[in-house]
Amino acid sequence: MTAVDLAAARPRLARHVRISFDRTRQRHVLLHPETVVVLNGTGADILGLCDGRRTVAEIVTALTARYDSVPEGEVQRFLTRLAARRCVEFADG
Amino acid sequence: MADPVDSMDNVDNVDSPFGLLAELTYRCPLACAYCSNPVAMGEYTDELATHEWQRVLTEARDLGVLQCHLSGGEPLLRRDLVDIVATAHDLGLYTNLVTSALGLSRSRAERLRAAGLDHVQVSIQADEPVASDRIAGTPSFRRKIEAAGVVKELGWPLTLNVVLHRQNIDRVADVLALADDLGADRVELANTQYYGWAWRNRDALLPSRAQLVAAEAVVRAARERLRDRMDVIYVVPDYYSRYPKPCMGGWAARQLTVAPNGDVLPCPAAQSLPLPRASVRVDPLERIWTGAPVMTAFRGTGWMPDPCRTCDRREVDFGGCRCQAFQLTGDAARTDPVCHLSPDHALVARAVDAANADARVDEPPLVPRPHRVRVPD
């Protein structure tokens with residue numbers, strides 16, 4: 001997927017992936033049959049906006065309300081990495 | 001904005017284990033010759049009671065465990081499995097049932113679903129009944145396929161587990177086709193690891209190089225073809241690797257195992273090592289994880305011999321598998337002989353040579369694990 005159409009993609013958590021807060025590590029985590037991904041606050045904020053309706057571009061816009069600077073490339077890289085591990089998928093259109 | 005992931009692949013700063021392998025029983029209706037359960041199963045018949053498992057799960061969660069793999073033997077032989085799952089689920093653990101699927105009736109499956117079970121992994125031994133039942137040592141294929149259907153109908157993600165070896169690896173294309181037909185979300189094609197019964201049967205199970213090359217080409221093509229609907233995981237046979245596997249992501253680094261009798265181990269095979277036992281019946285899990293000799297013996301890199309000590313890959317593969325080193329050399333603190341840099345590598349090379357001998361007239365016999373238990377239909 002190129003950077004251009006990724007901006008228009010609508011990410012969501014993959015089916016069967018659960019996000020939860022781990023009180024031991026004081027971090028949000030993604031739980032998947034064979035994977036645990038430990039997120040920090042930024043990662044949890046991004047995924048909190050991934051509802052399958054917002055586009056990546058809209059997510060970046062929403063994040064600018066909370067962060068001084070939001071490099072769009074970094075958000076895209078984060079979501080692409082999670083998609084490669086089947087934690088995130090991109091809804092059509 | 002900070003990097004949005006604290007840790008994905010490396011967990012250097014995290015001291016807590018992520019996963020608990022709860023081996024609820026070593027009883028099993030199957031008799032697979034590749035089974036990795038301990039050969040001396042008699043030591044494990046005094047199984048933890050329901051309330052003991054529930055305490056173990058609670059202590060594991062407090063320790064930082066997030067995933068609970070319910071395995072065995074056949075975990076469905078535990079009549080209290082639904083209660084154990086319910087406790088794990090209530091603690092917030094991601095629960096994964098690793099099963100032969102014998103005993104997974106629809107009503108049992110519905111109760112497990114209601115208790116919060118997240119994921120089911122069903123083993124098959126081949127893609128069709130004759131070969132599968134022969135390898136399993138008992139008629140089971142048909143029930144496995146029915147159970148896989150129930151798993152999908154109830155909305156669980158389905159993983160099919162297939163242990164690959166000399167007698168079924170040539171069927172991998174058919175296995176993948178079956179997995180696709182069943183709507184599997186994941187298929188784990190894992191070459192046999194030689195522990196327990198599989199170690200005893202190694203020479204009959206180790207495939208030839210030609211078999212592996214053919215199977216790996218099939219797997220690569222299937223990954224591409226099925227990319228949008230099925231995750232194809234392929235576990236390489238370490239005997240054919242240049243470097244050892246990063247066993248368990250490092251000794252007592254990410255995972256712990258609790259055996260049916262309450263023994264705590266870094267991995268199931270570690271029961272074979274001459275280390276003092278640690279048990280949840282004696283000590284709290286946290287104390288065992290942080291301080292028991294069985295956990296600290298090979299944690300980190302301080303124990304490493306040459307050539308691992310100075311190797312660039314010491315934090316990549318952690319010296320390989322301690323149990324394999326012990327098995328092959330009698331010393332758990334040696335480099336895994338699978339590594340081509342190991343001074344003991346000839347031990348592995350000889351087994352590989354034998355598996356590739358031109359004239360292999362008599363195939364070595366398979367010794368099935370004997371421990372068979374009837375399961376009600």
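Me: In what order do the nine strands of the open sheet in chain B run?
Reply: In this predicted model, nine strands of chain B form an open sheet with mixed pairing. The edge strands, each pairing on one side only, are β8 (231–235) and β10 (264–265) of chain B. Read across the sheet, the order is β8-β7-β6-β5-β4-β3-β2-β9-β10.

Me: In β8(B), which residue is the bridge partner of R186(B)?
Reply: Strand β7 of chain B covers residues 186–191 and pairs with β8(B) in the parallel sense, over five bridges. Within this pairing, the partner of R186(B) in β8(B) is D231(B).

Me: What angle does the direction of helix α9 of chain B make with that of β8(B)?
Reply: Helix α9 of chain B spans residues 209–225 and packs on the sheet. The strands that α9 touches are β7 and β8 of chain B. Its direction makes with that of β8(B) an angle of about 160 degrees.

Me: Which residue of β10(B) is the bridge partner of V258(B)?
Reply: Strand β9 (residues 255–258) of chain B pairs with β2 (residues 19–23) of chain B in the parallel sense over four bridges, and there A22(B) stands opposite V258(B). With β10(B), β9(B) pairs in the antiparallel sense over two bridges. In β10(B), the partner of V258(B) is V264(B).

Me: Which residue in the turn between β9(B) and β10(B) has a positive phi?
Reply: The two strands form a hairpin, with five residues between them. A positive phi of about 95 degrees occurs in the turn at G262(B).

Me: Which element gives the most residues to the lining of the second largest pocket?
Reply: This pocket has a volume of about 710 Å³ and is lined by 25 residues, with A83(A), R86(A), V88(A), E89(A) and D228(B) nearest its centre. Both α4 (72–84) and β5 (88–91) of chain A supply at least two lining residues. The greatest contribution, four residues, comes from β5(A).

Me: How many charged residues are in the lining of the second largest pocket?
Reply: By class, the lining includes 11 nonpolar and three polar residues. The number of charged residues is 11.

Me: Over which residues of chain B does pLDDT stay under 50?
Reply: The mean pLDDT of chain B is 93, and 94% of its residues reach 70 or more. Where pLDDT is low, the predicted coordinates should not be read in detail. In chain B, pLDDT stays under 50 over stretches including residues 7–14 and residues 373–377.

Terms used
Residues numbered from 1 in each chain as written. Chains lettered and ligands numbered in written order. Predicted model: local features only at pLDDT ≥ 70, side-chain atom pairs only at ≥ 80, totals over all residues. Heavy atoms only, no water. Pairing = 2+ DSSP bridges. Contact = heavy atoms within 4.5 Å. Axes fitted to C-alpha atoms, helices over the stretch in contact; angles between N-to-C directions. pLDDT = per-residue confidence, 0-100. 1 Å grid on protein atoms, 1.4 Å probe; cavity = no way out; pocket = protein on both sides within 12 Å on 5 of 7 lines; lining within 4 Å. Points joined across faces, edges and corners; volume = space filled by probe spheres on them. Nonpolar A, V, L, I, M, F, W, Y, C, P; charged D, E, K, R; others polar.
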